[in-house]
Every structure is written in structure tokens, then in C-alpha cells.
Amino acid sequence: MSGKKIIIIGGGPAGLEAASHLARQNYQVTILEKESETGGHIKNDMTLFPDFADAQEVRKGLSDRANHPNIELKTGICINELVQEGNQWRIKSDNNEAITGDAVLLATGFEPFDARRKEELGYGIYNNIITSVDFETKLKEGKILTTEGNIPQRIAFLNCVGSRDEKTGNNYCSRVCCVNGVKLAISFKELYPAAEAYFFYIDMRMNGQQYEELYRTSQEKYGVTYIRGRISEAAATFDHKIQLKSEDTLAGLPLKLTVDMLVLLVGIESSKSTRLLAGQNNIRGNYGFAESLGVNRNDYQTTKEGLFLAGTCKRPLSFQETIADAGAAAIQIMDYLEKVK
Amino acid sequence: MGMEIKKQYWNEYQKEIAQDDYFYERSCIRQTFFPGSEATFLNILRDELGKKIVDDPKIHTCTGIGYHSDIVPFDTTMTICARLFSLMNGAGLKNYVPSCVTSFGIFNEVLDTWKHYPEELEKTRVNLRKATGREFEVPDNIAHPSDIIYNFRKQLKLKMKYQLVNRKTGKPLKVVEHIGCHYSKIFAEKSIGGAEFPHVLAGMIEEWGGEVVDYPERRHCCGFGFRNYLVMANRGYSVANSKKKFESMKPYKPDFILTNCPGCAMFMDRWQYTIAEMEGTTYDENGKGIPVLTYEEMTGMLLGYNPWDIGMQVHQVQTESILDKIGIDYNPQDKYVGVSGMFLGEPEKPTNLVV
Amino acid sequence: MKDWGYKISIPRIIDLDRSDTSLYKQLVSKVPSAMKCIMCGACSATCTASNHTTFSFRHCHILFKRGQYSRLSDELDKCMLCGKCNLVCTQGVNTRAVISTMRLILSDMNNRNIAL
């Protein structure tokens with residue numbers, strides 16, 4: 001029990017949650033976080049779906065629980081090597097710092113899809129085309145304004161950007177964009193009730209508790225207009241708005257709409273750290289995500305003894321799923337260290 | 001508005017363009033629409049750039065129009081293309097330059113087919129041998145003439161008497177560039193700049209002082225569509241596509257439209273007349289329409305060639321507004337005087353379109 | 001104007017910049033449950049009329065919502081008001097009321113010679 005050291009690579013929700021469980025069972029934990037602050041991607045969030053929980057409050061709760069004498073936190077440290085040596089694990093950072101541990105939890109999270117790879121959607125080319133990440137940042141500032149400083153009278157959300165997309169190499173569904181998009185659409189309408197909001201989708205995957213009701217509320221109470229169809233291209237108009245082309249597949253007709261702002265709901269991709277470190281240990285799976293022994297067998301262990309996985313380094317997950325995942329991973333690590341004396 | 005990102009995309013789609021020793025394939029119909037353009041291209045390459053380019057009188061159609069109108073089967077098209085390659089081999093050359101964008105698309109399609117289905121290449125060899133006794137080898141490089149002008153645009157600029165600048169205001173001319181669908185939309189990697197932001201014409205415009213207009217329907221097809229335009233029952237549908245483009249570009253008040261495809265140039269020019277006569281609408285402020293130039297006409301014009309020698313009088317929408325804006329010297333009296341010095345007669349004036 | 005034997009095609013695109021969506025607001029103020037529709041098509045599936053005609057409640061509803069009225073009046077007349085769609089709707093849309101109200105609104109526009 002004591003004397004055993006666990007290294008957690010990644011100080012996001014998965015890493016922090018797992019650490020707080022392990023520390024309370026008297027294990028020594030070192031969290032290695034590459035940014036200057038912990039919290040991962042929820043640093044950027046204002047609210048969490050589906051209940052609009054205050055993201056920063058939740059984040060503070062997480063990091064408070066991970067503030068424990070058994071947890072050593074190192075920030076600003078980027079890991080470039082993860083190697084097994086006998087029954088120990090050796091880690092090297094960009095600054096040539098070397099750390100050893102008895103077990104490693106890979107919690108290296110995800111990166112949002114780079115919307116510039118979908119050049120036809122005009123991100124980075126035309127004004128007022130932003131991603132869901134940018135939108136969430138603006139929500140934290142309390143206002144969503146165009147680059148000209150105006151409230152958008154018409155906004156459109158486009159789903160499945162970079163996901164379910166052969167051309168970008170990501171055939172999978174990113175799981176959270178549907179419900180997150182509905183959350184953003186509602187947030188927009190709460191700020192600007194008189195503005196129009198359009199939501200372009202292929203399917204509405206409302207696969208969690210309260211999600212379907214949220215979708216219904218967004219349409220019934222907030223008047224969000226849902227159009228089943230992809231947007232094929234976004235172009236700037238003469239008066240600096242954005243022209244969208246789509247097909248309303250339900251009406252069976254092509255559709256055109258000019259909006260003041262387009263929000264691209266970008267998907268989840270494996271992070272650079274995940275691809276590097278999983279690659280070094282032969283556990284790199286599809287799309288660069290880290291591969292466990294199997295979702296139905298053991299989702300926390302890998303083919304390497306003492307190397308464990310938690311959170312979105314494996315696949316797209318919601319925040320609540322990540323937290324549950326991290327707890328389960330912590331138990332697996334404890335079981336492992338009990339057996340290895 | 002994000003020009004840096006656009007430049008990144010152009011860089012992703014670069015291709016090799018041959019530097020010299022070209023075999024030129026004239027278009028089967030281009031000379032009827034824009035008579036001066038091909039000769040202008042040959043003059044530019046030989047006189048301004050000192051390149052070797054062979055203009056073989058034995059050239060014939062590539063069957064592009066027939067193939068895309070579902071009249072000519074693909075086997076025939078492949079064999080005809082093979083004969084053209086055989087002519088190129090006969091001239092001792094390896095760099096193929098088709099004047100027409102549909103031709104360019106056809107050759108890329110044929111070569112791509114032969115790459116993935118080598119048995120088709122062998123079949124074509126047998127067909128050509130049986131039909132004509134000829135053998136052939138495929139070219140090392142296929143470049144569209146607009147690619148070549150693009151490639152040498154900096155050198156050509158040094159020789160230009162004029163630039164795309166309004167002489168009175170000093171401001172760059174606003175130019176709508178329109179790329180033929182068969183240039184980049186079928187094989188994006190065979191074009192400069194890809195299919196979303198093709199750069200072949202934009203590069204010329206920018207290098208020579210003009211400003212490219214980015215309007216919402218920039219990517220939209222002009223509607224040529226072969227069978228759609230050729231058959232009257234479908235023609236309204238075909239014209240509607242050009243109309244959609246005109247409506248979209250109108251607020252930007254472009255000074256002219258530039259295209260690299262014979263069909264597109266003809267469409268953009270002729271349909272402004274047609275729409276004016278059928279519906280009374282024009283897309284500029286004076287009821288004259290937006291003039292259309294081929295890239296050879298634009299290059300020749302800026303190099304100081306006589307506009308009437310390069311064919312700028314044979315346009316439905318008159319081109320004098322461009323010449324006047326740039327401040328190019330020309331003799332209006334000579335507009336309808338032929339090469340022989342004989343007056344050829346003035347065309348009938350339209351009812352609605354102002355000429 | 002010249003007639004060369006053909007007409008330039010009119011776009012069939014739904015132009016949401018130009019569509020008149022005020023009629024839908026009228027509909028929804030009279031039948032608020034229309035706002036719950038998620039276009040799942042259960043109504044069209046069970047519809048009596050759709051067996052032998054082109055009628056589809058889902059299709060009419062979405063065309064009305066997008067401001068595409070030109071063929072709607074004829075389509076709506078095919079509805080037999082049998083109410084099977086009402087029984088089947090998973091969201092609780094009062095489909096019969098929606099049909100009746102659409103017909104009222106459209107015939108009102110027709111009577112006042114307002115072009116749709």
C-alpha cells in the first residue's frame with residue numbers, strides 16, 4: 001500500500017478524480033500536467049450539460065479534492081517518453097526530468113477537431129465563423145458578439161464537424177456534440193431571446209438522462225429551428241454575413257440561409273500526448289486513441305502491466321462519464337498494486 | 001478576411017508544371033467563341049517567354065463534348081486521346097497542353113483510368129493500332145495553358161505595359177475569377193489551389209495589380225453541362241445557373257469576369273445578352289453587363305497587344321469599359337475591320353442590352 | 001421580350017432569407033403543440049391518405065414551416081381528418097388541429113388574393 005507510487009499523466013478531470021481516490025487510500029500520487037493549470041477542457045466551459053451546472057464550480061470541487069498531502073502536482077511539464085522497465089515505469093519530460101513509478105495512469109485527454117481542416121466551412125477564412133470552443137469562451141464573457149460588435153440576429157449551429165466524416169479520417173461519432181450543441185443553442189436564446197437560432201443536424205443523438213427533454217425544450221420553449229441536413233459550404237456575402245447552403249432532407253428541397261454567425265460543433269480527437277505515449281507502448285488504437293483490453297473485458301488495463309487508462313484518451317466521453325471512468329480506473333490500479341508486492 | 005489561411009490551402013495543392021517544349025492541342029470549338037485567344041497564347045509563349053510550343057495542324061477534338069453529352073462512348077474517347085498522344089510523340093514532345101478545360105479534365109480522367117485499370121490502357125493500344133496503325137506513349141506532364149501563364153506570371157509582369165489598375169482612381173480593378181469545373185473539381189490535386197480556393201486565375205489577377213472578388217456563388221458551376229445546354233428542353237435549367245452567379249456577384253460591382261474555360265467564358269458572356277433580352281435584367285449599373293475575358297485576352301491586353309487582334313471585339317458584352325478604365329490605347333474605328341483591312345460589318349444591336 | 005422557345009428555370013431552393021415565416025407563427029399561436037414536432041414521420045407512416053395519394057402530414061408540416069406554400073392547399077385537401085396520426089404521434093402534436101388550421105390560414109390568404 002504505502003510506498004507504492006502512481007504517476008498520473010494528465011491533470012484534467014480524469015487525472016484529478018483518479019488521484020483523489022488513490023490518495024485517500026494512502027497511495028502516493030504524482031500528477032503531471034502539461035498546462036500551467038489543471039482542469040483540462042472544462043477550464044473553458046461556462047456550464048455543463050444537461051443541467052447547466054456551473055463548470056467552474058465543478059472544476060474547483062475537483063481540484064479541491066485533489067489537493068491532498070498524498071498528491072504531488074507538477075504543472076507545466078510535458079511528457080515525451082513513457083517506458084516500462086521491469087515492474088517500474090520510467091517517464092521523461094521535455095526538460096529531461098526523469099520520474100519513476102510503480103503504475104501509470106494515462107489520462108491525457110482529447111483535443112478538439114481543428115475546424116480549418118474543413119476548408120469549405122470557412123473557419124479562419126471568413127469572419128464570424130467560430131467553433132463551439134470559441135462560443136463557450138464568449139459565453140464566459142457574458143456576450144456573443146460578431147467581429148463588428150453586434151448581437152447576431154441569426155445564428156446557425158452545424159453539427160458533426162470533423163466527426164462521422166470519412167474525409168477527415170474520423171468515421172466515429174463524438175458523442176457529446178449533439179447535447180452540447182443544444183445546450184449552446186439554449187444559452188444563446190437565453191441571452192438574446194429575440195434572435196433566431198438554427199441547428200443543422202444529421203441525427204440528434206440525445207443519449208443521456210434529461211438530454212431528450214433538453215432537445216424538446218429547446219424547440220418548444222426557446223424556438224430553436226432544427227433543420228435536418230449538412231451545410232455544404234459557408235461563404236461571405238457582400239454585407240459581411242455568411243451564406244449557408246444546405247438541403248432540408250425532410251422537405252426534400254435545397255435550402256439557403258444567410259446568418260450573422262456560424263458555430264461549428266467540432267468533434268473530439270485523440271490528443272498529441274495520447275498518440276505519442278500510446279504509440280510508444282503499443283496501445284495505440286483506432287484514430288490515435290489509447291486502447292484498453294476491451295470495453296466489455298477490462299476498460300482500464302492495457303496490454304502493458306501497470307499501465308492504465310482513464311477518460312477521453314480512450315474515446316469521446318462526457319464529463320460525467322469521465323469522472324465515473326476515473327473512479328473505476330483508480331480501483332483497478334489499487335487491485336494491481338495489492339497483488340504486486 | 002483570413003487571407004493567410006487561404007494561402008495555406010493553395011500551398012497544399014501545388015502541382016508540377018512543365019517549363020518548356022509544349023505540345024499544344026487546340027480546342028475544337030473555342031475559336032468560334034473567342035477567335036483570338038489561342039493565337040494570343042502561342043504568341044505569348046513564343047515571343048514573350050521564348051518557349052517552344054508546337055501547334056500541329058493534324059490536331060482534332062478530344063471528344064469531350066460528345067463524351068459528356070452521352071453520345072461518344074468512353075472507349076472511343078480513350079482511343080481518340082491516344083491518337084492525340086501519338087501526334088505529340090510524333091513531334092518528339094512529352095508535355096501536353098490542352099487549350100480547353102474540358103479537354104484537360106478528359107485527359108486527367110483517361111490517365112487516371114489507365115493508372116487504375118492497366119487493361120484499359122492495353123485495350124486502347126490495340127484499338128488505336130487497329131484503327132490507325134499508330135502507337136503511343138503517355139505524356140510526362142499535362143498542364144492547362146492557364147497553369148503555364150500562372151507559372152510565368154512574374155516574368156510576364158516585367159513585360160507588361162499595363163496593369164489591372166483603374167487609371168483615374170489608382171485603385172485595383174475588381175475581378176471575378178471563374179474556374180471551369182473540369183479544371184479542379186474532378187481531380188483537385190491536378191489543379192493549383194484545389195477545388196475550394198483555386199489559385200490559377202487569382203494568382204494572375206493579384207500579381208498584375210487587380211483585386212479578386214470573393215462572392216458567395218464563386219464555386220458554383222456556370223451551368224454549361226453539355227447535354228443540358230445543347231438540348232433546348234434543358235437550356236432554361238442551364239442558363240439559370242449562370243443567372244444565379246450573376247445575381248450573387250452583382251453587389252460587388254466587378255469590373256470584369258475572368259475565366260479559363262471556353263464554355264464558361266461563352267456562358268458568362270452570352271447569357272448576359274440572353275437574360276437581358278428574355279427578362280430585361282442586366283447585372284451592372286449601366287445596362288451594359290459585366291464584360292468577360294479569357295486569360296489569354298487579359299494577358300495579351302496587359303502586354304499591349306491590339307485588342308482587336310486578340311479578339312476582344314467578338315464579345316456579347318462589350319469590353320471597351322475595361323480598356324478605358326485601364327487607359328489602354330486602341331482605335332475604335334478598327335473594331336470591325338478585318339485583318340485584310342476590309343470592313344466586316346457591325347453586328348445587330350440588341351433590344352435591351354446596351355452595347 | 002424575346003421568346004427563344006425556352007424559359008429560364010426558377011430555383012426550387014428554400015430561401016429562408018425570403019420565406020414568409022409569419023404564417024407559421026400564426027399556426028403555432030393557435031396550435032401550440034405543433035412546436036413539439038420532431039419530424040419523425042410516424043404520422044405519415046400510419047396515414048390513410050398516404051396509401052393512395054402523395055399526402056404526408058410530416059411533409060406538409062415542414063413545407064408550411066419553411067414557407068413553401070405553393071402546392072400545399074391541394075395536398076391538404078387530400079387529408080381525410082381520420083385522426084390516426086393524432087393517435088400515433090409520440091410527441092403529442094395535435095395533428096388534426098394543425099391540418100385544419102393550415103387549411104384555414106391558406107384559404108384566408110387565397111381569399112384575400114395574397115400571393116403565396
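## Where chains A and C meet

Two residues count as in contact here if their C-beta atoms, placed from the backbone, lie within 7 Å. The model is a predicted one, and in it the contact between chain A and chain C draws on 13 residues from chain A and 14 residues from chain C. On the side of chain A that touches chain C, the elements giving two or more residues are helix H5 (211-220) and strand E17 (253-259) of chain A. E17(A) gives the most to this side, with six residues.

What kinds of residue make up the side of chain A that touches chain C? They divide into six nonpolar, two polar and five charged.

## A strand pair across the chains

Strand E17 of chain A has a pairing to look at as well: two bridges link E17(A) with strand E1 (residues 14-15) of chain C, in the parallel sense. Along this pair, A:Lys256 stands opposite C:Asp15 in E1(C).

As a reminder, strands of a sheet pair through backbone hydrogen bonds, either parallel or antiparallel.

## The sheet in chain B

Now to chain B, where four strands form an open sheet in the order E6-E5-E7-E8, with parallel pairing. Strand E6 (211-212) and strand E8 (292-294) of chain B each have a single partner strand, so they stand at the edges and one side of each is left without a neighbour in the sheet.

Strand E5 (residues 174-178) and strand E7 (residues 256-259) of chain B run parallel and are joined by four bridges. Which residue of E7(B) is the bridge partner of B:His178? That partner is B:Thr259.

Conventions. Residues numbered from 1 in each chain as written. Chains lettered and ligands numbered in written order. Predicted model: local features only at pLDDT ≥ 70, side-chain atom pairs only at ≥ 80, totals over all residues. Pairing = 2+ DSSP bridges. Nonpolar A, V, L, I, M, F, W, Y, C, P; charged D, E, K, R; others polar.
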